[in-house]
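Reader: Please take me through one part of this structure closely and in plain words. I would also like the cut-off behind each term as it comes up.

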Amino acid sequence: MKKIYERKKIFTKERMIRLRKIIYLALALVILLLVGSCGGEKTTEDAEKNSENVEENSENEKLPQSDKYVTAAKDFSNLQLDDITKPVYDAYGVWDRQEKNLPMSLPEITPFQPADGEQNVYLTFDDGPDDKNTPAILDILKNENVPATFYVLGEMVEKNPDVLKRIFDEGHAIGNHSYNHVYKEVYASPWAYMEQFIKTDEIIMAYVGVRPLITRAPGGTAGAFDANYWEMIKSMGYVEHDWNIATQDSTSQRPNASTQINNILRQLGQNPPRNVILLMHSNADKEETVKALPEIIKLFKDWGYQFGVVTPMTPRE
């Protein structure tokens, strides 16, 4: 599994070397134009033709298409959607977009809100994929015909790529949750944070061919983010989502299935929010979460919630 990522990493380095060569050639062309020569007019024409060819090749590139997910347009112009069940992915990595001079940051997107009298719930699972609890969760979701969002760690994808592929193939959303979830490394600086997410993007793309635009900060943004972190993820085209309801399955109390359900009911209260982003986990030692999941799904179905996956248009509150 490691070799696949190493090849991707080398490929990224080679792209950066080619990018430097392009910059040097462009500088050389500018110098020639300034100095001037008899062939200057022809040189300019050739440069314009080459530029046109590059733009034409970029326009002719075909993006992956599927009835299970939406592929972001090159200019991100197609992300204002009205279907909360389809994941959204990007066919270009961060460095791909930079090299091809494509937009990096997203346009303003109006968060999707349910119609009057309707409610939406987004089941989310962090810290996987593992090879035991994540497959068990996928079995339940398939049986219940319910979509969910999996915020994965890069190091876990390297260990369990087949589980990531199953998440993808079965129409669930993949989100980026950093490479290793080690706080002192992830939060060393805004750029250290971003490096973990770009690295995980590349790992995900090596296995499924696209990358997510949605991220979740390890431990959540509260107390971890300042303005610099928010500006960094925005400039790189990511959309961050925390949660507003949690089963608390990762706390030191290690709640059993019934306690997790009671935790949800207590947080929903008498006036449940119209949009629920529910935090759960799908890594090792989360067997009680697996046990609780069928009842959790039944609870939200009984309350009339519609199930969706997190996308850039999902409300963040």
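Author: Contact means that heavy atoms lie within 4.5 Å. The model is a predicted one, in which local features need pLDDT of at least 70 and side-chain atom pairs count only at pLDDT 80 or more, while totals for chains, interfaces and linings use all residues. Residues are numbered from 1 along each chain as its sequence is written, and side-chain values use heavy atoms, with hydrogens and water left out.

Begin with Asn 160, which lies in the loop between helix H5 (154-159) and helix H6 (161-169). Helices (H or I, at least four residues) and strands (E, at least two) are DSSP runs, numbered from the N terminus. Apart from neighbours within four places in sequence, Asn 160 is in contact with Pro 129, Asp 130 and Asp 131. With a relative accessible area of 12%, Asn 160 is buried (buried is under 20% relative accessible area, exposed over 50%, partly exposed in between, with a 1.4 Å probe and protein chains only).

Next comes helix H10, residues 257-268. From first C-alpha to last, its 12 residues reach 17 Å, close to the 16 Å expected at 1.5 Å a residue; the expected span is 1.5 Å times one less than the number of residues. Ala 257, Gln 260, Ile 261, Asn 263, Ile 264 and Leu 268 are the buried residues of H10. They are on the same side of H10 because they cover an arc of only 155° around the axis, the arc being that of the directions from the helix axis to the C-beta atoms. Their cover includes strand S9 (245-246), strand S10 (275-281), helix H11 (287-302) and strand S11 (305-308). Just after H10, Gly 269 has a positive phi of about 65°.

Last, the aromatic rings. There are 14 aromatic pairs in the structure. In one of them, the ring centres of Tyr 183 and Tyr 187 are 6.1 Å apart and the planes stand at 55°, so this pair is tilted. Rings of Phe, Tyr and Trp (its six-membered ring) pair if their centres lie within 6.5 Å; planes under 30 degrees apart count as stacked, over 60 as edge-to-face and the rest as tilted. Tyr 183 is partly exposed at 45% relative accessibility, whereas Tyr 187 is buried, at 19%. Both belong to one aromatic cluster, together with Tyr 193, Phe 197, Phe 225, Tyr 229 and Trp 230.
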